[in-house]
Structure formats: C-alpha cells, structure tokens
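Trainee: Could you walk me through this one? I have not looked at it before.

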Amino acid sequence: MKELTVISGKGGTGKTSITAAFAALAKDAVFADCDVDAADLHLILKPTIKKTMKFPGLKIASIDKTLCIDCKKCHDSCRFHAIGEDIQLIRESCEGCGVCAYVCPVNAITMVDRDSGFAYLSETRFGPMAHAVLHTAEEASGKLVTVVRNNASDLAKQQKKNLIIIDGPPGIGCPVISSITGVDLVLIVTEPTLTAIHDFERIFGVAQHFHTPAVVCINKATINPENTSKIEQYCKKNTIMIVGKLPYDTTITKAMIHEQSIIEFSDGILTQKIRDMWSKILEVLNANG
Amino acid sequence: MILSVASGKGGTGKTTVATNIALSIGNAQFLDCDVEEPNANIFLHANITEQEDIFVSIPEIDPKKCDYCGKCSEFCAYNALAVVRSTVLVFPELCHSCGGCELVCPKDAITWKERVIGRIEHGQTKGIDFYHGILNLGEAQAIPVIKALKRKIDKNKDVILDVPPGTSCPVIESITGSDYCILVTEPTPFGLHDLKLAVEVVRHLSIPFGVVINRDGIGDERVEMYCQKENIPVLLKIPERKKIALLYSKGIALVKEAYEWHEMFGLMFNRIREEVKK
C-alpha cells in the first residue's frame, strides 16, 4: 500500500482542490483529510459518514474542590499555568501531563478523557474516506492526524485499496510532521509568489529532515513567470522533480463553488494538465518500489 | 490596542491585511506569530538587528543513577521517554517540558538541558517595531516560540499580530489577549467553511471581531450572507484583480502602489479603534 501526502507550507496554494481532483482520477484509493484544523476536502467529496468515533485527545485535569485543601502544590507545579491561584482549571492551557494529579496530597485531582473531537469513516462517490473534526479551541491536532491516518490505512486494508491520498495541513509543525512521516511521497503545491517560495523551501527542508521523497507542482504558474522560473531553478539545483505546472485558471474556483472536483466540472486545459500530473505521480510512486 | 489578524483557511490574505495596516498607521509594533511560515517581512523589509534563540527544557538521564525502573516513561503523557532494557531513550520533539519525569523518578536521575527549537528576530522598518518568530525545520511545537514572541508586546503601542492559519493551539496562543481580531476570508465554499470555524474560536475567547473579504468577486455571495445573518461587520473588501495578485507575488504591499489603499486600511484601523473604545 502506498501513501501520498499533499502539502504546501503556505496555505491557499490549492492543496485541497488538487487532492479532490486526484480523488476523481484515482482508481482504488482511500482519501484522508489530515488538515483537521480546517478540513475542507469533505466540501467537494461530500462523504456519507458510516462510523463516528470520539477523539479523546490528551487527558485533562479534573479538580474535586470538596477534597481540595488549598495547598496550591498543583498551581506551583504546573508548567503550563493551567491552574490559577484560586485552584480553578484553565481548560485551554491544560496539556494533560498529569503533574498536578501526581503532586496533589489528597487525591483531589484526576486525569480524565477530554472530548476533543470526532473521527469519521465515510464513503464518497470516489471511494472510502477518513476524516475528522477538532472541537473549537482543542489541542492535539497532531494526534488526531495520526488517528485519521490509521483509520485510512484500516479502510484500505478492509477494502483492498492500494493507495491512500492525504490532504495535508499548511505550516511545518506538529500536524504536518504527523501527516508526512513514513509516507511514500509528498507532493508540494507551491505558487510563484515570494511568500509561497519561501514557505516551499522550508517545507521541502522538513520533508528532507524526515527523509520523505518529494515532488513539486507549481500552481498558478502564469501569475508571475519570473518567479516560476526561480522555482524551476531551485528544483533543478536540488534535483526535485516538477510533476506539474498549472496555469492560473479560475475554473478551479468555479468548480469549488459548484462543490465538484475540476475533473468532473470541466474538460479544459487545466483538467488535462492535472490528468498529466496524476500520471506522473503514479509513475513516481510505482517506480519507488 | 492589540489587533490580531487571523483566518481559518490559509492563504486568504492575513499577511496582506496585517502588513498593509501596519504600513498605513506607522508607529506600531508588528509581531509575525506564524512561526511555522513567517512571511510578513517579505513585505515589510525590516532590517534585522537582534536575534535570540528560543529554548525548551528536555530531560537528561544520569546513567549512573538510573536503574531503568520505567516510571518516567510510564508517566510521560507524550511518549517522549522509552526505557529499553538498560537505556532510556528521550524523544526531544515529543517532550512538552512538563517536569513529570523528574518528579516521579525515585533515583533523582533526571536533570534538564536546554534545546534550541527556533529564534526570534527583531528590527525596525518605517516606524514599525518588527518581531517575528522562526520555528526550526523538523520541530513540532510552535507554542514556545509564539509565547516568547508575545512577551515582546509593548502595551503602549498599537500592536498588530499576524496569526497562523487554522483553529488549534498556535492560533489560540496567538490571539488570546487581543482587543480585536480581524478574520480574513475569501468568498468561496472553503473560505466560508473555515471562516465559520474561526468565528467559533473568537467567540469562544470573547474577542470582538470583524471580517475582511479578500479576492472579492471570485466566488459567490454566501460569505456576505453569512456575515449579515450573524451580524458580523464586513470591514473591507479587497477585489480580485490580476494587478493585486502580481504585486503580492513580488512581495510589494498594496499601500505602496496606490494611496487609496493607504487610506482604506487606515480608515479600517480607526473604525476598529472606535469599536474597541466602546
């Protein structure tokens, strides 16, 4: 089984629209939305949820004030400043380490499951999908990414699919690392803007750090041809394969407005280019053994 | 006034809005809290004159004292320690520096060492006191860098915070304590969906907020209808124009191109200030 993750460093370069197009093109694949912070893939794939699972996230402290002797040991020991002088828990700050429960001399604190979100197993018109929601102001998005990836892998095993396509989050931190570690290939979607180029170089560094092979798609390449050639030079210098160079085309936004993948929405030049890119990606995936 | 500029969805124009406001009002402090992908200085060109490393503490095990009882790894909620026969493995990227392992160690075998995870840089540009945080590649935790950055806030100044995308911990850490939050979105289904998530976050934190619609005209009316229904002020609309996209691609701020933008961002800022005074 192969895993492909679509990432970008900078947000808004077109990760999800491209992932949705791949979903429409792929045969025998499972889809996973690992941008659990702001998941959007479901808006195009419109999954029917088959199974919902609670995501407990990290534990959280629960203080029984009737037992508390106000010794303030918990307040003094918490490195996250999650327990106030008044021995009230500050929910957003608690990282679930359990130090407070350990130091409490009267066992007034217990660590309980936190209700951090839901993970879903679903079916879409293109195949099975694993996705999730993280509740407002909850933590542990990296952990939820791992849950989604494990769910996708289970779906693939059960339904005998040989590929998992993962829509990754923006940035380079914990949820991104959880989305790319151990996958067979990452596709970095960038665009010819100075900001996206800066972010592309950083995310490529992260992929290298974790020894994950990477290929590149230059989206909206016609916006600034000069910057596009800068990206091409950078890729050449670092021997990164460019699998697609897509023109700026508002058809992809129109497809999104109609809640369709571009493959379903149009037969135009952009669709053709994405098809070509998909063939190249499959070649790379299969060539890697 | 502390003004943060956020969005659920990435790439909607947070940095555009934050930098143009700062350039319009001048005499402000600017903190780029998107430490995973800090981009504001591409537009602001601050001359970096100072930098400081950001450290976190991670446990170090004294092999002379340790008897490999495994209590530390059992306690660690983040799986940052593993005891394998006569070795204790420490996974520094997973450690949250809670101090629990040291507390539970019966042999007093744990001490702390500092590890660099990123840095903060400081400089000046056009009357703007500029800071940004940079998370090192391969590091998972943005929070300590954001916390260090926020300690630089000068409350006597107008402070603009450029916030990372998303809705989870780095966003909460960045926007907590703000007097007002601008949510930047685009008029598309993705923009609307993620705007709703961002609205939940600012409401949860009880921060007054308004919306800026970027790339206006590219999509449909649903974002505006939503704002109307929810009584959320639309502070500014930035039209979808090839010229604007080109300027952005070159790292040129809108206010540098046309004075009308200078005025519009300045007016928006004044409107927000009035709102906060109430």
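Mentor: Gladly, and bear in mind that this is a predicted model. Let us begin with helix H7 of chain A, residues 194-209, which has 16 residues and reaches 23 Å from its first C-alpha to its last, close to the 22 Å expected at 1.5 Å a residue.

Trainee: Which residues in H7(A) are buried?

Mentor: The buried residues in H7(A) are Thr195(A), Ala196(A), Ile197(A), Asp199(A), Phe200(A), Arg202(A), Ile203(A), Phe204(A), Val206(A) and Ala207(A).

Trainee: And what follows H7(A)?

Mentor: His211(A) follows H7(A), and the phi of His211(A) is positive, near 55°.

Trainee: Zooming out, how many helices and strands are there in chain A?

Mentor: Chain A has 11 helices and 11 strands, and its C-alpha trace spans about 70 × 40 × 40 Å along the principal axes. Of the 289 residues in chain A, 55% are buried. If you take the contacts in chain A with a separation of 6 or more, 75% of them are between residues 24 or more positions apart.

Trainee: Switching to chain B, what is the strand order in its open sheet?

Mentor: The open sheet has nine strands with mixed pairing, in the order S3-S6-S7-S2-S8-S1-S9-S10-S11 of chain B. Strand S3 (47-61) and strand S11 (234-239) of chain B are the edge strands, each pairing on one side only, and the twist from one strand to the next averages 20°.

Trainee: How do S1 and S9 of chain B run, parallel or antiparallel?

Mentor: Strand S1 (residues 2-6) and strand S9 (residues 180-185) of chain B run parallel and are joined by four bridges; within S9(B), Ile182(B) is the bridge partner of Val5(B).

Trainee: Which strands does helix H1 of chain B lie across?

Mentor: Helix H1 (residues 14-25) of chain B lies across S1, strand S2 (28-32), strand S7 (128-135), strand S8 (158-162), S9 and strand S10 (209-216) of chain B, and H1 runs at about 160° to S8(B).

Trainee: What about domains in chain B?

Mentor: The domain assignment gives domain 1 (2-54 + 118-277) and domain 2 (63-108), and the centres of these two domains of chain B, taken over C-alpha atoms, are separated by 40 Å.

Trainee: Last topic: how many residues of chain B are in contact with chain A?

Mentor: 50 residues of chain B are in contact with 53 residues of chain A. On the side of chain B that touches chain A, H7(B) gives the most, with eight residues, and the residues of that side divide into 22 nonpolar, 21 polar and seven charged.

Notes. Residues are numbered from 1 along each chain as its sequence is written. Chains are lettered from A and ligands numbered from 1 in the order in which they are written. This is a predicted model: local features need pLDDT of at least 70, side-chain atom pairs count only at pLDDT 80 or more; totals for chains, interfaces and linings use all residues. Two residues are in contact if their C-beta atoms, placed from the backbone, lie within 7 Å. Helices (H or I, at least four residues) and strands (E, at least two) are DSSP runs, numbered from the N terminus. Ala, Val, Leu, Ile, Met, Phe, Trp, Tyr, Cys and Pro count as nonpolar, Asp, Glu, Lys and Arg as charged, and the others, Gly among them, as polar. Domain bounds come from an automatic or database domain assignment. The expected span of a helix is 1.5 Å times one less than its number of residues. A residue is buried if 20 or more other C-beta atoms lie within 10 Å of its own, exposed if 12 or fewer, and partly exposed in between; C-beta atoms are placed from the backbone. Two strands pair if DSSP finds at least two bridges between them. Axes are lines fitted to C-alpha atoms, for helices over the stretch in contact, and angles run from 0 to 180 degrees between N-to-C directions.
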